[in-house]
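Here is a short briefing on one protein chain. Keep the sequence and the model side by side while you read.

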Amino acid sequence: MIVILGAGISGISASYHLNQKNIQNIIFEKDDDWGGLCGNFELDGFRFDKAVHLSFSDNEYVKNLFSKSCEYIAHEPIAYNYYNGYWLKHPAQNNLMPLSLDEKIDIITDFAQNTNDKVNLKNYEQWLKAQYGNYFSENFAMVYTKKYWTLQAKDLSTTWVGTRMYTPNLKEVLKGAFEKNTPNAYYASQMRYPKKGGYKSFLNYMRKDCDIKFNKKVIQIDTLNKIVYFDDDTNQAYDNLISSIPLPEYKNLIKDMPLYIKQACDRLQYTSIALVSFGFNKADIAKYLWLYIYDEDILASRCYSPSIKSPDNAPKNCSSLQFEIYFSKNKPLNLNNQELINHIIQKSKKMGIFDTKDIVIQDCRILKYGNVIFYHNMELDRKIILDYLANLNIKTIGRFGKWEYLWSDQSLLSGNL
């Protein structure tokens, strides 16, 4: 028997691909529903995904699986940024037009005269300054980094960046400083989202034949006798074990784990997310598919509109927004749920997004695992743990099982063992 731990996208994918080979398997999920981070929740007719979630995969295999699952809506990836009272098209470095003349001059002059070393880059701060100059990096990107990653840019490596950050040339910066109609410079040309059922509907085709047991939280893995124990006093023997459990959790799950492995688990860093969600009594509250927020005094880093992603996510003539607040042991969250809701309402009034009278539902909930933090030498700690698990014949999958910055399509592919 192959046992799969976790019914998120990677666990569903693992089960699906084993089923394609007629290999018996079973999934155990700690929650009462499947989907993991790709799941959603509903409140009085409003549906919210667990963070922004849009598919921009160019992998034909993944796109085919998603298309078999449901009909989808195709969105142009036009996002916006809020910065000191200004609304800038995304990415901000290409769209400086709304800023004051003096600030545009500071950014462009610094960009044009950039003498930062572009070769010997030892951290993310150096990478940012090499791409954008000091002024833009210090006032935009480095501020956002602290909000999103919860570390200073100098404390992050550059191994995660890839194509996620766009670097314009001087002509593009100048054009965006004086013209509104700039070309899309986002790293994807199209964002796709299911017409109905939320983002997890993209997994319906893979999900239909999966055998999932819910409310099965793992409390111990006996790797010697190959038995998984759950908190409801049940257990399951296995021949092979596939797991999407986050790597830090193994410290408390595996008996007789060597101290140096536990220490590596303790060193791993990750962000958690407070999701603050609102439903509104008007159809036009949400103006943008998603947006980034640079201001330090606003706790939210990002915001998106479920109702723009699909009208199915809100009752007729209503709209919705969800704000993401990131925190970690490096940057603790010192407000309770209601205080977070009140904070977002106050700041949204300042930003001109909505007013209290527009709200019909409000909600705040915490996701323990949001993103892997790429602190310096993280890969060494990760390797220590993964090598140990591999020696115990535990195959890891998913963003937190592989401990990588995986998008949903990459998480799906990680389950195709």
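Which residues are buried in helix α2 (residues 60–69)? They are Val62, Leu65, Phe66 and Ser69. These residues cover an arc of only 95° around the axis, which puts them on the same side of α2. Bear in mind that this is a predicted model. The points below start from this helix and then go through the rest of the chain.

- The N-terminal end of α2 is capped by asparagine 59. A side-chain oxygen of asparagine 59 lies 3.0 Å from the backbone nitrogen of tyrosine 61.

**The chain as a whole**

- The chain has 13 helices and 19 strands.
- Its radius of gyration is 22 Å, close to the 22 Å that the globule rule gives for 417 residues, so the chain is as compact as a globular protein of that length.
- The C-alpha trace spans about 70 × 55 × 45 Å along its principal axes.
- Of the 417 residues in the chain, 55% are buried.
- Take the contacts between residues at least 6 apart in sequence: 73% of them join residues at least 24 apart.

**The seven-stranded sheet**

- An open sheet is built from 7 strands, in the order β7-β6-β15-β16-β17-β14-β18. Its pairing is mixed.
- The edges are β7 (86–89) and β18 (359–372). Each has a single partner strand, so one side of each is left without a neighbour in the sheet.
- On average, neighbouring strands of this sheet are turned by 20° against each other, direction ignored.
- Strands β14 (residues 270–280) and β17 (residues 319–327) run antiparallel and are joined by 9 bridges. Within this pair, alanine 274 has isoleucine 325 of β17 as its bridge partner.
- Helix α10 (residues 337–351) lies across β6 (80–83), β7, β14, β15 (290–293), β17 and β18. The helix runs at about 110° to β18.

- The side chains of glutamine 322 and serine 277 make a polar contact of 3.0 Å.
- Leaving aside neighbours within four places in sequence, glutamine 322 is in contact with residues including Phe41, Phe48, Asp49, Lys50 and Ala51. Other contacts of glutamine 322 include Leu275, Val276, Arg302, Cys303, Tyr304 and Pro306.

**Two antiparallel strand pairs**

- Strand β5 (residues 72–75) pairs with β8 in the antiparallel sense over 4 bridges. In this pair, histidine 75 stands opposite methionine 191 in β8.
- Strand β8 (residues 191–194) is covered on both faces. Met191 and Tyr193 are buried on one side, and Arg192 and Pro194 are buried on the other.
- Strand β3 (residues 40–43) and strand β4 (residues 46–49) are antiparallel and share 4 bridges. Here glutamate 42 stands opposite arginine 47 in β4.
- The hairpin of β3 and β4 has 2 residues between the strands. In this hairpin, aspartate 44 takes a positive phi near 50°.

**Backbone points to check in the loops**

- Where is the cis peptide bond with omega near 0°? It runs from histidine 90 to proline 91. Proline 91 lies in the loop between β7 and α3 (101–112).
- Asparagine 215 has phi near 55°, a positive value in a residue other than glycine. This asparagine 215 sits in the loop between β9 (212–213) and β10 (218–222). With 46% relative accessibility, asparagine 215 is partly exposed.
- Asparagine 393 also has a positive phi, near 65°. Its loop runs between α11 (378–391) and β19 (394–396). The relative accessible area of asparagine 393 is 32%, so the residue counts as partly exposed.

Note on methods:
Residues numbered from 1 in each chain as written. Predicted model: local features only at pLDDT ≥ 70, side-chain atom pairs only at ≥ 80, totals over all residues. Heavy atoms only, no water. Pairing = 2+ DSSP bridges. Axes fitted to C-alpha atoms, helices over the stretch in contact; angles between N-to-C directions. Contact = heavy atoms within 4.5 Å. Buried < 20%, exposed > 50% of the residue type's maximum accessible area, 1.4 Å probe, protein only. Arc of directions from axis to C-beta. Polar contact = N/O pair within 3.5 Å; in protein donor to acceptor, adjacent residues only side chain to side chain. Rg over C-alpha atoms; globule rule 2.2 N^0.38 Å.
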